[in-house]
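Here is a short briefing on ring contacts and helix packing. Keep the structure open while you read.

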Amino acid sequence: MQLKINESTLSLFPGLKNIDIYQNGLFADVQLNENTNKFDFNLELNLNGIDDLSFLPVGKSTMVKVKSSWNNPSFSGTFLPFSRTVNKDGFSADWKVNHFNRSFPQNWEDNAENIFQSTFGIKFLIPVDEYQQTMRTSKYGLMIIVLTFLSLFMIELFGEITIHPIQYLLVGLALVIFYSLLLSISEYLSFDFSYLISSLLVISLISFYVKNIYKSFKVGGLIFTALIVFYGFMYTILLLQDYSLLIGNIALFLILAIVMMLTRKLNWFEVLKSKTT
C-alpha cells in the first residue's frame with residue numbers, strides 16, 4: 001500500500017508512532033519543506049467487510065465526495081451531505097464542512113481535543129434478510145392472534161355453537177407454531193416461499209378444525225378467507241418500510257370500526273347470559 005504526496009510516492013507501515021489522538025492506523029515518514037505550503041495526496045484503499053465509512057473534518061475546508069453501487073445507505077454523524085442521490089443503482093453524496101462548524105480548533109497540543117465528536121459519513125445498511133424478516137413477522141404475531149380470536153368470537157356470537165376455551169387454546173397454538181415453521185423453512189428456501197408454505201399450512205389446519213367444530217363448510221370457508229386476508233395483510237406490511245406503521249394502524253382502525261358497527265345493536269348482557277346458559 002502506497003501514499004502519493006505531491007510528486008513523491010511513500011510506503012505505508014502498520015501502527016502509529018504517536019497514539020495521543022488515534023489509537024491505530026498506518027503511517028509514513030513525510031519530509032516537510034518550508035517552501036511548500038500545499039500538499040496534494042492520493043491513497044487507494046481496497047476495503048472489504050466494513051459496515052460504515054467515516055471522515056474527520058481536520059482541514060479548514062473539508063470536501064468529501066462519495067459514490068458507491070450500494071443502494072441502502074444511511075448518512076450519519078455530525079454533518080449531513082448537502083447533496084445526495086439514492087436509487088436502485090447506488091448512491092452519491094457530497095459534503096462540505098468549514099472549520100467554523102466543528103468543535104475543535106485548527107491547532108492544539110497533546111490530546112486535549114476530542115475530535116471524534118465531529119465525524120460524519122455513511123453506514124452501509126444490510127437489506128433485511130430471512131432472520132430479520134422472521135423477527136419483524138413475529139412482532140405482528142399478537143395482532144394476528146387477536147384478529148383470529150376476534151373472528152372466532154364474532155362467529156360464535158352470531159352462531160349457535162359456543163367454542164370451548166380449550167379450542168381457543170388449540171387455535172392459538174396453531175397460530176404460534178407458524179413462526180417456528182417460517183424460521184425453519186426459511187433456512188432452506190427464500191422468505192417469500194417460506195411465508196407462503198407456513199401460512200397455507202396454518203390456515204388450512206385452523207380452517208379444517210373450525211369447519212369440524214361447526215360442522216359447516218360455510219364457517220370453515222369464512223375463517224379460511226379471514227386468515228388469508230390477515231396473513232396477506234401482514235405480508236404487505238412486511239414489504240413496506242416507510243409506511244408500514246401508518247398502513248398497519250389505519251387497517252386496525254378500520255377493523256375495529258367494522259366490529260363496532262356490527263355489534264352496535266347487541267345487548268351484551270343478554271348475549272353473554274345466553275351463551276353461559
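This is a predicted model: local features need pLDDT of at least 70, side-chain atom pairs count only at pLDDT 80 or more; totals for chains, interfaces and linings use all residues.

**Aromatic pairs**

- The whole structure holds 14 aromatic pairs.
- One of them joins Trp70 and Phe124, in an edge-to-face arrangement. Their ring centres are 6.1 Å apart, with 80 degrees between the planes.
- This pair links distant parts of the chain, as the two residues are 54 residues apart. Trp70 sits in the loop between strand S7 (61–68) and strand S8 (73–77). Phe124 belongs to strand S11 (residues 120–124).
- Trp70 has 33% relative accessibility, so this residue counts as partly exposed. Phe124 has a relative accessible area of 15%, so this one is buried.
- Phe75 and Phe91 also form an edge-to-face pair. Here the distance is 5.9 Å centre to centre, and the angle between the planes is 80 degrees.
- This pair, too, links distant parts of the chain: Phe75 is in strand S8 and Phe91 in strand S10 (residues 90–98), 16 residues apart.
- Both Phe75 and Phe91 are buried.

**Aromatic cluster**

- Phe55, Trp70, Phe75, Phe79, Phe91, Trp95, Phe120 and Phe124 make up one aromatic cluster.

**Helix H2 against helix H3**

- Helix H2 spans residues 141–158, and helix H3 spans residues 165–186.
- Their axes come within 10 Å and cross at roughly 150 degrees.
- Angles over 145 degrees count as roughly antiparallel, so H2 and H3 are roughly antiparallel to each other.
- The crossing of H2 and H3 is right-handed.
- On the H2 side, the contact residues include Ile144, Phe149, Leu152 and Phe153. On the H3 side, they include Tyr168, Val171, Leu175 and Tyr179.

**Helix H2 against helix H5**

- H2 also packs with helix H5 (residues 217–239). The angle is about 160 degrees, and the axes are 11 Å apart.
- That angle makes H2 roughly antiparallel to H5.
- H2 and H5 meet in a right-handed crossing.
- H2 contributes residues including Met143, Ile144, Leu147 and Leu152 to this contact. H5 contributes residues including Val219, Leu222, Phe230 and Met234.
- Ile144 and Leu152 of H2 meet residues in H3 and also residues in H5.

Technical notes. Residues are numbered from 1 along each chain as its sequence is written. Side-chain values use heavy atoms; hydrogens and water are left out. Rings of Phe, Tyr and Trp (its six-membered ring) pair if their centres lie within 6.5 Å; planes under 30 degrees apart count as stacked, over 60 as edge-to-face and the rest as tilted. Helices (H or I, at least four residues) and strands (E, at least two) are DSSP runs, numbered from the N terminus. Buried means under 20% relative accessible area, exposed over 50%, partly exposed in between (1.4 Å probe, protein chains only). Axes are lines fitted to C-alpha atoms, for helices over the stretch in contact, and angles run from 0 to 180 degrees between N-to-C directions. Angles under 35 degrees count as roughly parallel, over 145 as roughly antiparallel, 65 to 115 as roughly perpendicular and the rest as oblique. A crossing is left-handed if the near helix is turned anticlockwise from the far one by less than a right angle, and right-handed if clockwise. Contact means heavy atoms within 4.5 Å.
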